[in-house]
Amino acid sequence: MSRAFPPLAIPASAGIGLRSPHISEMLTRRPSAGWLEIHAENYMGDGAGVEALERLREIYPLSVHGVGLSLGSARGLDRDHLARLRGVCERFQPDLVSEHLAWSVADGAYLNDLLPLRYDEGALAIVARNVDTVQETLKRQVLIENLSAYVAFADSSMNEAEFLAELVLQTGCGLLLDVNNVQVSAHNLQYDAKAFIDALPAGAIGEIHLAGHATNQVGADTVLIDDHGSRVPPVVWALYQHAIGRLGPRPTLIEWDTDVPVLDVLLGEAMWADMLTASIMFNRKQAARQAEAAKPRPMPLTPFESVRTGMPVLAAFAAAKAGLVTPAALTQMEGGYDVAA
Amino acid sequence: MLPLEYLQTTMARSVLAIEPTVSAKMLTAGKADPLARLRIYQNNTRSSLTAVLMAVFPVTVRLVDERFFRYVASEFIRRAG
């Protein structure tokens, strides 16, 4: 029997990935963080971590992120793993649930890594069927995340963005845009990162991931490794700026998985994401105001309508200052006084 | 065209470093050598599965020494695949 939690909605602002070294500090300090995301696989059993998460779930909106479902496996889903994922969702009642466009299981082996698909109609039919199964089992929409990759398949008939767009159409799933993964894959496989983001259906993107990556030099090859082991680098912030410019604010997660720093570093990165988003939206509003001000105005119908200020009464002052009050009305009034006198 | 399941089986065996490995012609990697990039998946898989085994058998790690455990673990992962 699962307990009832308050239905906390994930806001369109930054949250952090909950990592085990930070759990006790989160419980005692209860720092300001928009929301939390957990890896589903870490909470499929029982134990102290699960109890701690139940307490945190009372305070913070929660997202459940699966890493082991292998949605791209041609053999279909592991029903036992899916049942465990359903158990986690029933227990913690998260506001968002997500998984990856990848496969980890084949030939009876679990590779504990996320491998890319060959993007073609055959793979699309398999992934769409698997996503349908997940959404029917969990009785909710899931978000599917783009992958960081080091190789691609030569005979793919579409690119990953086209594949994801088609998956959204066929299954009604949402998307999790991992901006760091876009940068890593675009560099490693030599394509345009911004064009990838622009090719995704904007309305379907329900969450964004931000993280750091490592840069390795192997002979002549500079390869970006998706290790989630450092601060978000400038190139990923720039791509995030591009994404927010196109999408508007979205729930944005700071992910950190190797060499996890103190909690305040994660909270600081989340703060920067919020500030960058606020700054983009402020600049957009300013630009819209300036464009509005530059437009030629039609003749005012009534004296006060053309004057725009924050307080209605100030419009009257401003109109008066500009001499918009009709002289005819004043004359009539003055005339009235004359009669009375 | 290979069906997806056959492709994934071939890739999984390549990632676990079991012969025969996937053909370089099936992969692309920008300007880089695809088989060199495949080694990233091999390393990721071996190190993450080894870490799981070390977490499950901490006493054995101390008894036989971590370096020997890592060697045995990588042999086990290769053969178990």
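Keep in mind that the model is predicted. In chain A, eight strands close into a barrel with parallel pairing, and their order is β1-β2-β3-β4-β7-β9-β10-β13. From one strand to the next, the twist averages 30°.

For a look at one pair, take β9 (residues 174-178) and β10 (residues 205-210) of chain A, which are joined in the parallel sense over four bridges. Here Leu176(A) stands opposite Glu207(A), a residue of β10(A).

**Helices on the sheet**

| Helix (chain A) | Residues | Strands involved | Angle |
|---|---|---|---|
| α6 | 179-189 | lies across β7 (143-145), β9 and β10 | about 65° to β9(A) |
| α8 | 234-247 | touches β9, β10 and β13 (252-254) | about 165° with the direction of β10(A) |

**A serine in a loop**

Now to Ser148(A), found in the loop that runs between β7 and β8 (152-153) of chain A. Is Ser148(A) buried or exposed? Ser148(A) has a relative accessible area of 9%, and because buried means under 20%, it counts as buried.

Which residues does Ser148(A) touch, leaving aside those up to four places away in sequence? They are Asn181(A), Val184(A), Ser185(A) and Asp226(A), along with Tyr41(B) from chain B. With Asp226(A) there is also a polar contact, side chain to side chain, at 2.8 Å from Ser148(A).

Conventions. Residues numbered from 1 in each chain as written. Chains lettered and ligands numbered in written order. Predicted model: local features only at pLDDT ≥ 70, side-chain atom pairs only at ≥ 80, totals over all residues. Heavy atoms only, no water. Pairing = 2+ DSSP bridges. Helix = DSSP H or I, 4+ residues; strand = E, 2+ residues; numbered from the N terminus. Axes fitted to C-alpha atoms, helices over the stretch in contact; angles between N-to-C directions. Contact = heavy atoms within 4.5 Å. Buried < 20%, exposed > 50% of the residue type's maximum accessible area, 1.4 Å probe, protein only. Polar contact = N/O pair within 3.5 Å; in protein donor to acceptor, adjacent residues only side chain to side chain.
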